[in-house]
Amino acid sequence: MDDYTEPGCAYWPFKTQEKPHTIRAEGAAPILVVGTTGDPATPYSSAEKLAKGFAKATPLTRVGEGHGAFGKGSACIDLAMDAHLTDGTMPAEGTRCG
């Protein structure tokens, strides 16, 4: 089986007693949330929701197909992620990269 057809967590034989809850990451450094519009494994809407849930997050969008964003041929994405990881620089709000 490939990565996209593996059974999901619904079939995992272990159950948790924890209930879903929101993690706001209050007090954390700014968080960069990167999402790809055509990602078959992690829907873009999940990245949007995640970014909105954190206290200080900036979304970065890769417009394209495939799983992941870094190293997929978008200099815009790669440079933005490099800048965030090396010196904490955040891209402008609403940045969309091809």
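Okay, let's start with C97: this cysteine is buried, with a relative accessible area of 2%. By buried I mean under 20% relative accessible area, with exposed over 50% and partly exposed in between, using a 1.4 Å probe and protein chains only. Quick caveat: this is a predicted model, where local features need pLDDT of at least 70, side-chain atom pairs count only at pLDDT 80 or more, and totals for chains, interfaces and linings use all residues. Residues are numbered from 1 along each chain as its sequence is written, and side-chain values use heavy atoms, leaving out hydrogens and water.

So what does C97 pair with? C97 forms a disulfide with C76, the sulfur atoms sitting 1.9 Å apart; the cut-off for a disulfide is a pair of cysteine sulfurs within 2.5 Å. Searching the whole structure turns up 1 disulfide. C76 is in helix α2 (residues 75–87) and C97 in strand β3 (residues 96–97), so the bond ties together parts 21 residues apart in sequence. Helices (H or I, at least four residues) and strands (E, at least two) are DSSP runs, numbered from the N terminus. The S-S torsion is about -45°, so this disulfide is left-handed. C76 is partly exposed, at 34% relative accessible area.

Now the sheet. Three strands make an open sheet, ordered β1-β2-β3 with parallel pairing; pairing takes at least two DSSP bridges between two strands. The edges are β1 (31–38) and β3, each pairing on one side only. Strand β2 (residues 57–65) and β3 run parallel, joined by 2 bridges. T61 stands opposite R96 in β3.
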